[in-house]
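Q: Please go through this model and set each value against its definition.

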Amino acid sequence: QVQLVESGGGLVQAGGSLRLSCTASGSIFRIEAMGWYRQAPGKQRELVAVITGAGSTNYVDSVKGRFTISRDNAKNTVYLQMNSLKLEDTAVYYCNAKILTPMAIIRGYWGQGTQVTVSS
């Protein structure tokens with residue numbers, strides 16, 4: 001079994017910053033890609049940023065230049081530094097990890113979600 005635990009969400013004024021963290025634990029042989037998704041009320045879940053095991057990153061256009069994804073492989077943790085936050089960044093943010101288990105099975109896992117609210 002694998003668990004993803006997120007932290008770091010909250011309420012922030014527009015223009016402010018937040019840092020999200022997500023730590024994976026459990027039956028893990030290797031973590032492949034890790035990423036952050038978000039879902040705003042009435043909207044579909046969208047990919048915000050992803051980072052591969054080699055450290056390559058990709059971002060949705062709306063956050064480029066403002067958000068930075070990084071990971072600490074020794075801690076099985078992925079971070080999302082969010083700067084210059086806008087009202088439209090308000091959403092529940094979900095961590096996702098593609099994990100190779102000791103049973104040689106690759107599957108994706110989700111965190112429980114953390115609320116980010118940007119106020120004017």
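Q: What makes the radius of gyration of the chain agree with a compact globule?
A: The radius is taken over C-alpha atoms, and the globule rule is 2.2 Å times the number of residues to the power 0.38. For 120 residues the rule gives a value near 14 Å, and the chain has 14 Å, so the two agree. The model is predicted: local features need pLDDT of at least 70, side-chain atom pairs count only at pLDDT 80 or more, and totals for chains, interfaces and linings use all residues. Residues are numbered from 1 along each chain as its sequence is written, and side-chain values use heavy atoms, without hydrogens and water.

Q: How many helices and strands does the chain have?
A: Helices (H or I, at least four residues) and strands (E, at least two) are DSSP runs, numbered from the N terminus. By that rule the chain has zero helices and 11 strands.

Q: What share of the residues is called buried?
A: Buried means under 20% relative accessible area (1.4 Å probe, protein chains only). Of the 120 residues in the chain, 40% are buried.

Q: Which residues touch the most other members of the largest nonpolar core?
A: A nonpolar core is a set of buried Ala, Val, Leu, Ile, Met, Phe, Trp, Tyr and Cys residues joined through side-chain atoms within 4.5 Å. The largest one has 31 residues, and Trp36, Leu80, Met82 and Tyr93 touch the most other members. Strand β9 gives the most to this core, with five residues.

Q: Which residues does Leu80 touch, beyond those up to four places away in sequence?
A: Contact means heavy atoms within 4.5 Å. Leu80 touches, among them, Leu20, Trp36, Val48, Phe67, Ile69 and Tyr93.

Terms used. Buried means under 20% relative accessible area, exposed over 50%, partly exposed in between (1.4 Å probe, protein chains only).
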